[in-house]
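This report covers salt bridges, nonpolar cores and backbone features of one protein model. Please have the sequence and the structure open while reading.

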Amino acid sequence: EALSADPFHIALMEDPDYWSNMATAKNGGVTYGSKGADYAEWLEREDPSQAIKAGQIVGVKNGKISLSTENADQIMAISVMPVVLGNMPDTTRQEDFEKVAFIGQTPVWVVGEVESGDYIIASGNNDGFGIPVSDEELTINQVSQVVGRAWEDGDKLINLVNMAVGLKTNEMAALLKNIQNDVTSLDQRIAKIEASIGLGVDNLTQK
């Protein structure tokens, strides 16, 4: 019997459950169904003996990861259950690597109460935990520490919350808004001081 070049036939030969993982959408489209919610890649641990667990926040330095986030090139999170996993290492070295979420949704460990929409930043303690920061509280020094944005609430001392990673989180827009609010507040305070001592702008320009 001649071999079929039909990709669907080949897929069914390789994976009998192929169609159980597919869902037909409108307009003839096809969607792959999975409980995973992020795209991740295997990245090597800087220290192979360091234990790193799913949901922890890590620092990436020169392409290798550790719990240390100080002076890291990037701050990322360990994926719990990726839908796509790239950069597969050799099976003989896989134990030295971890699955790091690049884009999508992934649960992450956060200390303190969390509200949906909060930015999640590294705790600064190199312990794998994040801390929540609201739009109004985000500072310029924290922008480089942003891992993602919470998409659910958490009311415990330590929470495992779903977080969006690698998506446009608008932290710069929030930061600029905060700076503008600070400038406006400062202008108002200066205007009040000038008025109280009779040194308004008009009086100053006349002198």
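## Salt bridges

A salt bridge here is a side-chain nitrogen of Lys or Arg within 4 Å of a carboxyl oxygen of Asp or Glu. The model is predicted: local features need pLDDT of at least 70, side-chain atom pairs count only at pLDDT 80 or more, and totals for chains, interfaces and linings use all residues. Residues are numbered from 1 along each chain as its sequence is written, and side-chain values use heavy atoms, with hydrogens and water left out.

The structure holds five salt bridges. One of them joins the side chains of R93 and E44 at 2.6 Å, N to O. R93 lies in the loop between β7 (84-86) and β8, and E44 in strand β3 (residues 38-45), so the pair ties together parts 49 residues apart in sequence. Strands are DSSP runs of E, at least two residues, numbered from the N terminus. E44 is buried at 18% relative accessible area, while R93 is partly exposed at 35%; buried means under 20%, exposed over 50%, and partly exposed in between (1.4 Å probe, protein chains only). E44, R93 and D96 are linked in a network of salt bridges.

R45 and E98 also meet through their side chains, at 2.9 Å, N to O. This pair connects strand β3 with strand β8 across 53 residues. R45 counts as buried at 7% relative accessibility, and E98 is buried at 16%.

A further salt bridge joins D135 and R149 at 2.7 Å, N to O. D135 is in the loop between β10 and β11, and R149 is in strand β11, 14 residues apart. R149 is buried, with a relative accessible area of 17%.

## Nonpolar cores

A nonpolar core is a set of buried Ala, Val, Leu, Ile, Met, Phe, Trp, Tyr and Cys residues joined through side-chain atoms within 4.5 Å. The largest has 14 residues, and those with the most contacts inside it include I57, V108 and M163. At least two residues of this core come from each of β6 (74-78), β8 (97-111), β9, β11 (146-150) and β12 (158-165). Another core, of nine residues, lies apart from it and includes I52, L67, I78 and V100.

## Positive phi

Most residues other than glycine have a negative phi. N62 has a positive phi of about 55°; this residue is in the loop between β4 (57-61) and β5 (64-66) and is exposed at 75% relative accessible area. N126 also has a positive phi of about 55°. N126 sits in the loop between β9 (119-122) and β10 (130-133) and is partly exposed at 32%.

Definitions and conventions. Helices (H or I, at least four residues) and strands (E, at least two) are DSSP runs, numbered from the N terminus.
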